Structures are given as C-alpha cells and as structure tokens.
Amino acid sequence: MFESALTVMIFLPIVAGALILFCPAKGAARITGFFVSLIVLMIGVQLFIDFDGQGGMQFVYNTPWIPSLGINFGLGVDGISLLVLLTSAVLFPLVFCVLKEQSRAFYANLLLCQGAMLGAICATDLVVFYIFWEIMLVPIFFTIGIYGGPRRLAATMKITLYTIAGSLLMLVGIIYVANCYHQQFGVWTFDMARLSALSLSGGFAGWAFLMFMIAFAIKIPIFPFHTWLPEAYTEAPPATSFVLSAIMAKIGVYGMIRFVLPFFALEFISWATFFLVLGIIGMIYCGIAAIGQKDIKRMLAFCSASHMGIIAIGICAMNVQSLTGSLFQIAAHATSTGVLFLFVGLMEERLQTRNIDALGGLAYRAPIFATFFAVAMLSCVGLPGTSGFIGEFLIILGTVKYSMFLGLLTGFTLIVGVCYLLWMFQRVFYEKESETSARFTDLTVGEVFSFLPVMIIIFAMGIFPQFFISKIEPAVQQQIAQLYAPAQQQVVANEISVTDK
Amino acid sequence: MHDLVSFLPLVITCTGALLLMLYAVCPKAEQEKASLMSMGFFAVAFFAQLLVVCTVSRPLFPETFNGMLGVSGFTNAACLIVYACGFFTTLSSHTYFRENHFATVEFYSLLLFSAVGMVLLSMARELITAFIALEIMSLAIYVLVGFNRASSRSTEAIFKYLILGAFSGAFFCMGTAMIYGAAGSTRFDSIAEWLAFNPATTPLMLGGAFFLLITIFFKISAFPFHAWVLDVYDGSSNPITGFMATALKTAVFAMIANFLALSGNLHDSWITGLFWIAVFTMFGGNLIAIGQDNVKRMIAASGIVHSGYLLIALVAINSEYFSGAVIAYYLAAYSVATLGMFAALSWLGGEGEKRVTFDDFKGLAKRQPLAAATIAVFLLSMAGIPPTAGFMGKFYIITSAISAGQIALGVLGIISSIISMWYYLRLIVSMYFHDAEEDFIVDGSSLASISTVALAVAVFAIGLFPLVL
C-alpha cells in the first residue's frame, strides 16, 4: 500500500468537495461524489486487508506543522480506529447512490464531512484531531440548515451550539494535557502516544477529564446530553441523519476510547460506574420515548440514541470483551440503525409522509424493501446471525463481568428496543393497506444493488465475527492493560504505605 | 545606515501623507486618483517593511533616537499589520466612495497620517513619544470618523469620540508625569530598571500606571471604557470603522505590550486587575453583542470581546520570554477577519449603507453566493472555528494562558467564545437559511470585492501556515 494512503483518503474528498462547488454541470456533482467515495472505499478496504492486527499504529504519516508547540500533522490507524475508519469509508457511497438529487453544494458538504471525519479518526495529534473534529460540524450545520425540514432553524442552532460548547471545553482539556506534559518533560507535544505517558488525576485534571467526557458525551450522545438529538435527526435531510447516526456519533465513542482512557485512567476508573449507569438510563429513557413516537424518523432518532447507550456502556465496563464489543457494535450500529434512516428517507420521498398512522401494508406492495428493512431492523435489535448480536452479546458479557446487576439490567433493557421496532414494523409493513401506502413502489434495481452490499455486511459480520475481531483485539488488550497500569501502581504504592505503618 | 533602512517604511508613509496633502490643493484633484495613490503608498510601505523584516538582522536603533524608538520582531509584525490594514482600507474606501459622495483627497492623506501615528506608537520606547504618536493617530482618526458632515450620526460619533478621547489623552499626560515623578525617566527601559529595585506600589508609580492604563483601556475599548464603541463604530463610514477596529487596536496593543513586558514588576502588581478587566471585557462585550440587530454594531461589540482575548494574552505575558508572537498573531488573525467583514459591508452596503441589519442579509447566499461565502468565512474565523486564522489565534492565547498558570482565565475565555457563537452564527443563518427578499444588486466588479476574496484566502493561509511562531 502506498505511503500516504491516509492523507489521500482525507484530502481527496475535501478537495473534490471544494471543486464540485465550482462545477457548472448539473448532474456532475453527484457522480463525482460517488466516484470519490468509491476510491475512498477501495483505499479503506485495502487498508483493512493490509492491517496486520499487531496492536500498534500502522500506515503512520508524520510531518511537523507548528514546531514551536510540537504540533505534527500525524496520521495513523490502529485496532481502535480500524473499524470506525472502515465504516465511514464503506458506507459513505450510499448517500450518493440513493435518494433524489440535491444541489451541488449538498454533495460538496457531504464530501467535506467525509474528509473531516476520516481526518478525526486517523489523527494521532490532538490538535489535528481537534481541527477535524470541529470541521466535521460545519457541513452538518449547513446541510441541516439549508436542506432540512420545516423546523430546521431551531434544530441547527441547537446541535451547533451544543456540540461547539462541548468541543471548545475539550480544547481547554487538550491544552491542559499538553501543558502537563510540558511541565513534566520540558517539551511541547500534542502527540497522542507521547501524551499517554501521563496519567492525570486530582485537581484540575478532574475537570479536564469531565471536559473531554462531556464533549464526547454530547456527540454520542449520552443521557442527559441527548436533548439536541431528536430535533436534529428528525429535521435533517435523510443523508445527513444517516451520516450523523452512522458515523459521527461513533467518532464520539472512538474519541472516548482513544483519548480519555489513556490520559485520565484513574479518573475514568473512578467515574466509570457513574457513566455506565447514565448509559443504562439513556437506553431506557430513549427506548421509552421511542415507543410513543408517531414519526418514524423521530422514533429512529431515539432508537439510535438508545443503542448508542449500549456502546457507551461497553466502554465504561472497561474489559477486553466489552471494549471489543463496543468497537464491533460501532460498525454494526452503522450498518443497521444508520441505514434505517436512509430507508425512511426513501419512504418519505415516495409517500411524502413519515407518520406511522398513515402507513400500513407496505410489505404487500414492496416485498424487497420490506425484507431489507427487516434485516437492518433485526440487526438493530440484535438477532443472532446478524452483526448486532455479536456486539451486544460481547458488551453484555463484559458488563456482567464488571457487575452482575448492571450487566443483567443492560440485557433486559434491550427488550425495550425490540418492542418499539417490531411494533412499528407491524404497523407500517403489515396490517391493512392505507391509501397513502398504495402509492408506494418497490426498490428500483439501482437501489437494490446499492443496499445489497450492506445486507451482506450485516450477515458477514454476524456469521464471521472473528475476521473483524482478530484485527482489533490486540489493540484493545493493550488499551485495557494501559488503563489499569496506573491504578495498579497506585495500589502497590498504597500497600507499601500501609506496611510502613 | 541600518537604522535608516528600518525607518524607510515610516518615511514612505509620511511622504505619502504630505504629498497627498499637497495634491489636495491642486484644482484638478480627484479623490479616486488619491485613493489609488494612497493604495500605492501603503503597498510600498508594506513591502519595504517586509524587506526590513527579512534583511535587517540587528534592527534596534537605540542610539539614533536616544532610545525613543525601538524595533523588534514584534513591532515589525505590528507595523506590517498596520500597513496591510491601511492598504485594504483604501481598497474598500475606493469602492465605498463610488456610491457615497462625501470623500475628498484629504481623506486618504489623513488615513496615511494616522498610519504614521500607529507605526510610531508601536515603535515607541518612551512615554512622551508614545503620547505624540497617540495624538497623531487620534487626531487623524477623529477627522476620519466625522468625515460625513451631512450625517447626524457621524457627527454624534465624532463628538463622543473626540470628547472622551481628549480626556483619555489628558490622562495619558498625567500618568506620564506621575511615572516620571516616580522613576525619574520616561523611557521604558529606565522605568523597568527603576522598577527592578523599587516596589511598583509606590503611590506615584501606582497612580501613573493607573492613568496610563485608563487611556489604553479606552483606546482598545476594554471594560469599563467600552461604552463609546457602538455609537462611534456605527456612526463612521464602513472602511473607517474597519480601520479603527483593526489598525488602531494593533498599534495600542503593541505599545502596551512593549511597556508591560519590559516592566515585569509592574505587570505582576497589575495582574489581578488585568485578569478581571479581561473577564469583564469579554463577557460585557458578549452581552452587548447578543442584543444587537445591526451587523456593524454587532461587529463593534464583538471587537470588545476580542480585546478581552488580547488582554488574556497580556495577562499571560512572561517578561523573560516575551516575543509578542501570540499577540501579533491574534491581531493579524483578528484584523484579517474584521477588515474582510468591513470590505464586504462597504461593497454590499451601497449608497448610504443600506444593508446593515441582520434582516437585510437574508438570503444573500442565494443571490451573491461568493459574498455570502466570504462573509461566512470571516465570521467563522472570528468565532474561532478551525482551520481559520481565528482558531489558531485563540488556540495560542488559551495555550499561553494555561502555560502561564492562568487556567481559570483560559476556561473563561473559552466560555466567552461559546457565547459569541450565537451572534456570529445568527448572521450566517440569515444569509444561508432564509429566502432572499431583495436582489442585492451591486455594481459589477469592485476593488472591495477583490479585497474581500483576498482576505478570505488570507484567513485560511494564516490559519494553516502560522509562520509567525
């Protein structure tokens, strides 16, 4: 694989997005976007195949950017970021294939968003990460604001202010961490690997920890930071909802594993149960909220939030199984819940409604659509044989290891998800055919071929999980070992002090 | 010889100002030609300054002017910013005065004169020189603010600014006298020497520094001397507002940074005061900006907030390693965005500054996509969204605050920039998310539009390649 693969992967979409804005031809934007995302997909798959699963960073690219503060433009992939990277590379072409044509600025925004997300995933330097992390939001702001639903203005402001507040506070945290390193070792650096030599706790470090956590908790979102989500997901155009739910939320999870765990190991261990309980509350709360929704998209928004809760739980349980499960579930959730947003987008395009009561009997009209929808939905609720099962199973296993009670609670909470999704499926796809549903047409050949790969991935991940897990497990083991190392040191230190007495 | 070379840009600007004054007497003088000439002078001065930065290795000239003036990397950067601001201001003025007909040739001459004052102020190493420079600058600016004699708002603006400015000038004199009484010298280095062996809390020194800081806070519109900003910025013509907001602030900050950085002792005794002034300036500015419906007044209020960020950098100054790079970088980043904003306003405003409220900008993106995009870039830079210059500036300031142990100030700065998101985004929302109500017809290509695009590019260039540091 050529050396600067990651750089190409990040900047190709960004440059293409900028060029699209100036391209005069009407249909060219979408096609260009599609081909660019296909190239990114191919690079992503190739990286996945070449990745040897040894635990360290691979495909590293490092070049000095601001030497006086030790900031490097550093990129790399390891087991933690591999599946997130793969997800955002593989699923992205979908947004260019399905749904009706939008203006070229829309596709330019999507491409910019992809580039920024890939940048945030691959960055090994905190400042570079932060820059991409913030840029990610700009296209979301514009796509929701310009192409969103009737209540888009409030939704845009809410998501933007909420996430910017979180990430600006994280900036203080980032600078604080680098400053601690500077004080201890006398050099400025924002390189992640070097900074993880620190293990901060106590004093302002506790605040810095919370700043990082809140920034990621808002992006994921974890209860009680989820209040922007129903508005934003519902009002956003389907492609943006898909990007938000399938990929962007995952970068929050990824950031938590990547940055919070190594820098604030002690703090994280002492707060883990708190956040785990927040995750469970979020799952139950959003699950119950989803049951009552009339709007399918709004229901999916809550469903997505509810299922992000379990991913967060997996991190907070802090063992190899649960963390592997979380990383696996990142990909699984994207292929299931994320894709459901696109299906709902298609439905809305054909019927101009998302109201569950107005629908019914779609399965008789559109058997292929119903099948695809069912597969994604069943993966979402974690049916064995689909990708969702493996992830959720590993997470619950890990959580039971952490605490029997919390593990069982997590397991039972999943039943709520089954309830509302199956009930919605019954009302929309079966029962009596409504007048509106009569207008529905099944997927076209193009759409079938667009979604088919996703269906294959869902089953492939469910039946051959080891193929994916083997690549990420070494890195997870390292991460967990690193997490407990400072705590063990402290235990040893305490023991000595006890014997001294 | 070296001294003369480093003095060259100033000579060019001064000559330009005098020549334009002479040209004004000529019966066939046209203001459009004058604007092109002053553009030329600013450009030449800028490149001469660049030449000085690149070639002169030992640029201090303590002997030549008996220590009244001095040059360092920091003052060079400040001068570059001032010349660039002057250049882009003349570009916007050129466009602005096609529609608004109250400019005469003297306008450009005064612009050059005020730039002379600014450059001298940033080079000043002595309080009396600083006072003279401050007055050269201020007198020219007073006239420029009130240039539109037919407009009552402009008259109101000059009246407010002149009265308050006269007071602050008097305070500066008073402060200088008291400091001289205490330290026996008006030279920065002698004062610093005196301070090294004497406490900075001597009544005379304390009082002198107090009066001096009042003037400075007035000029940079820091709390509690910020109340004039809105009316004065609103009353003066767009290009001049841009010039005042950027070049003037740069010069005054350069002077005070030079002064405080040398006198570490004085800085230490004022640090708590500066801390609170920075905090109140940021939050006071934000509160004012949130309530504005007029874009010009919003930018004016946000200028107060940016002064607050710069004050954070002043608090964090470490006299041992002062390079001024953080302040210079932030000033450059802020100037580029603000000048760009006012260039765009001068271009879109048309006759009598028609388009000034948030509602006037509704749907601009649909009619004038390029203008809307550049304005959005400037706003995002002011808000500090990466990868713009504004973000890097804020990043440096917060880093310097935290590494100086002022974590609380860093956090407050960030909270203030979260609040400021609201009013920057509001204008973007107006431009992009609403339907157009008018056609936004502006006459063809103009110099202001070119400068808008150039500045938008500069926002990214400065942000991605922060060479200063």
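1. Helix α16 of chain B has 15 residues, which at 1.5 Å a residue should span 21 Å; the end C-alpha atoms are 21 Å apart, so the two values agree. The expected span is 1.5 Å times one less than the number of residues. Helices are DSSP runs of H or I with at least four residues, strands are runs of E with at least two, and both are numbered from the N terminus. The model is predicted: local features need pLDDT of at least 70 and side-chain atom pairs count only at pLDDT 80 or more, whereas totals for chains, interfaces and linings use all residues. Residues are numbered from 1 along each chain as its sequence is written, and chains are lettered from A and ligands numbered from 1 in the order in which they are written.

2. A residue is buried if 20 or more other C-beta atoms, placed from the backbone, lie within 10 Å of its own, exposed if 12 or fewer do, and partly exposed in between. In the loop between α15 (369-383) and α16 of chain B lies B:P387, and the peptide bond from B:P386 to B:P387 is cis, with omega near 5°. Just after α16(B), B:G405 has a positive phi of about 85°.

3. Contact between the chains takes 21 residues from chain B and 25 residues from chain A; residues are in contact if their C-beta atoms, placed from the backbone, lie within 7 Å. On the side of chain B that touches chain A, α16 (389-403) and α17 (407-433) each supply at least two residues. The largest share of that side, twelve residues, comes from α17(B). By class, this side of chain B has 17 nonpolar, four polar and no charged residues. Here Ala, Val, Leu, Ile, Met, Phe, Trp, Tyr, Cys and Pro count as nonpolar, Asp, Glu, Lys and Arg as charged, and the others, Gly among them, as polar.

4. Within chain B, helix α6 (residues 152-183) and helix α8 (residues 203-219) pack at about 155°, with axes 7 Å apart. That angle makes α6(B) roughly antiparallel to α8(B). Axes are lines fitted to C-alpha atoms, for helices over the stretch in contact, and angles run from 0 to 180 degrees between N-to-C directions. Angles under 35 degrees count as roughly parallel, over 145 as roughly antiparallel, 65 to 115 as roughly perpendicular and the rest as oblique. Residues of this contact include B:F171 and B:G175 of α6(B) and B:G208 and B:F211 of α8(B). They divide into 15 nonpolar, six polar and one charged.

5. Helices α12 (residues 295-315) and α13 (residues 325-349) of chain B have axes that come within 11 Å and cross at roughly 175°. These two helices, α12(B) and α13(B), are therefore roughly antiparallel to each other. Among the contacting residues are B:H306 and B:Y309 of α12(B) and B:Y330 and B:Y334 of α13(B). By class, the contact of α12(B) with α13(B) has eleven nonpolar residues, three polar and one charged.

6. A:F59, in strand β1 (residues 58-66) of chain A, has a positive phi of about 55° although it is not a glycine. A:F59 counts as buried because it has 20 C-beta neighbours inside 10 Å. A cis peptide bond, with omega about 0°, joins A:F223 and A:P224.

Key:
Contact = placed C-beta atoms within 7 Å.
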